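Take a moment with the sequence and the model together.

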Amino acid sequence: KAKEHGRNCFQFYTSMMHENAKARSQLEGALHKALINEELSVVYQPILGKDNERIGCEALLRWHSETLGDVSPGEFIPVSEELGLILAMGEWVLFQACKQAKHWYEKTKTPFFVTVNVSSTQFKRQDVSTLVATVLRETGLPSHALTLEITENVLADNSERILTQLRAIRDMGVELAIDDFGTGYSSLSYLKRFPLSKLKIDQEFIRDLPHDAEDRALVSAIISMAANLNLQVVAEGVETAEQLGLLKQLDCDFTQGYLHAQPLSPDEFDVYLARFNEGC
Ligand code: C2E
Ligand code: MG
Ligand code: MG
Ligand code: MG
């Protein structure tokens with residue numbers, strides 16, 4: 001009896017592994033076609049300055065696959081990195097975002113900026129600084145209107161190759177932000193070694209801000225540390241007025257989250273920006 005049960009389990013696991021492998025190869029196959037079939041798009045989520053004195057947006061990739069439907073970036077970005085497809089995708093997003101931002105930069109009275117996520121694979125396998133220079137030249141976006149979002153693991157790498165690229169990017173006037181700040185395991189010493197301008201506090205610390213004294217202590221400490229290091233702070237995942245109120249009390253420079261707006265299509269962002277301009 002037990003033997004039979006064991007055999008069933010074994011069959012269950014192998015068929016599950018088979019299903020996983022099948023799903024994975026379907027995802028890979030579909031991903032290879034995503035760029036050629038023009039299945040990718042970019043959405044833009046507003047980032048607002050403390051007193052609405054500045055407005056920006058984060059460019060976020062979206063993929064609607066003909067065969068798989070909508071697939072979230074959390075699912076397809078890691079696979080794209082493994083397959084090296086992130087290089088072509090990363091170039092595409094950067095170009096789209098800068099082209100779009102140039103249009104909005106000219107429409108707003110308040111200083112406007114766009115942030116673009118760049119993965120560590122791009123820094124390892126490509127010269128991101130050359131790419132950025134090309135895209136800025138081709139789109140005409142002023143360099144100070146662009147921020148690249150990088151994660152702590154880019155800096156943890158600590159290679160001369162990456163540092164050289166980051167310095168070249170900074171020398172052009174492009175800003176660098178640490179994304180998901182506080183969730184990595186690297187030492188804080190990178191804050192003085194690298195030419196950074198913004199820290200984005202991960203939404204994990206913002207979620208329970210009104211009810212969790214420890215989160216409040218951490219966020220408050222991050223904001224004062226950042227101020228002393230001449231870094232600006234962006235709080236991610238702001239969903240409630242209560243969270244926003246606390247962040248304003250703590251003097252957080254920028255906020256981003258569903259409370260202001262979901263990530264928007266370019267047309268929707270146009271409307272958002274027009275309303276924002278009226279409010280100024
Ligand atoms: P991220 O860069 O930390 O982006 C923030 C994520 O939080 C986005 O998820 C955004 O839609 C979501 N978000 C924004 N406001 C709220 C809120 O109030 N509440 C909650 N619960 N979530 C909120 P998304 O678009 O699914 O992207 C997930 C991750 O995928 C991004 O995290 C980023 O790491 C990666 N990603 C997205 N686009 C790109 C890209 O073009 N290149 C690279 N390398 N990575 C990308
Ligand atoms: Mg980001
Ligand atoms: Mg983030
Ligand atoms: Mg995140």
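Which residues lie nearest the centre of the largest pocket? They are E58, L60, P73, N117 and D179. These five belong to a lining of 36 residues. The model is a predicted one, so keep its confidence values in mind as you read; they come up again at the end.

Start with the pocket itself. Its volume is about 940 Å³. Several elements give two or more residues to the lining. On the strand side, they are β2 (55-65), β4 (112-117), β5 (146-151) and β6 (175-181). On the helix side, they are α2 (73-83), α3 (86-107) and α4 (120-125).

Turn next to ligand 1. How many residues surround it? The count is 21. The closest are R62, N117, D179, E239 and Y258.

Begin with Q45: an N or O atom in its side chain is 3.0 Å from a nitrogen atom of ligand 1. L61 makes its contact through the backbone, where a polar atom is 3.1 Å from a nitrogen atom of the ligand. N117 uses its side chain, with an N or O atom 3.0 Å from an oxygen atom of ligand 1. How much of the ligand does the protein cover? On its own, ligand 1 has 800 Å² of accessible area, and the protein covers 80% of that.

The structure holds 1 cavity of 30 Å³ or more. The volume of the largest cavity is about 40 Å³. Its lining consists of G90, L94, V116, N117, V118, Q122, V128, L131 and V132. The elements α3, β4 and α5 (128-139) each give two or more residues to it. Of these, α5 supplies the largest share, 3 residues. What classes make up this lining? There are 6 nonpolar residues, 3 polar ones and no charged ones.

Finally, consider confidence. The protein has a mean pLDDT of 93, and 95% of its residues reach 70 or more. The scores for the model are ipTM 0.97 and pTM 0.94. Where pLDDT is low, the predicted coordinates should not be read in detail.

Conventions: Residues numbered from 1 in each chain as written. Chains lettered and ligands numbered in written order. Heavy atoms only, no water. 1 Å grid on protein atoms, 1.4 Å probe; cavity = no way out; pocket = protein on both sides within 12 Å on 5 of 7 lines; lining within 4 Å. Points joined across faces, edges and corners; volume = space filled by probe spheres on them. Helix = DSSP H or I, 4+ residues; strand = E, 2+ residues; numbered from the N terminus. pLDDT = per-residue confidence, 0-100. Near = heavy atom within 4 Å. Polar contact = N/O pair within 3.5 Å; in protein donor to acceptor, adjacent residues only side chain to side chain. Areas by Shrake-Rupley, 256 points an atom, 1.4 Å probe, with all protein chains shown as cover. Nonpolar A, V, L, I, M, F, W, Y, C, P; charged D, E, K, R; others polar.
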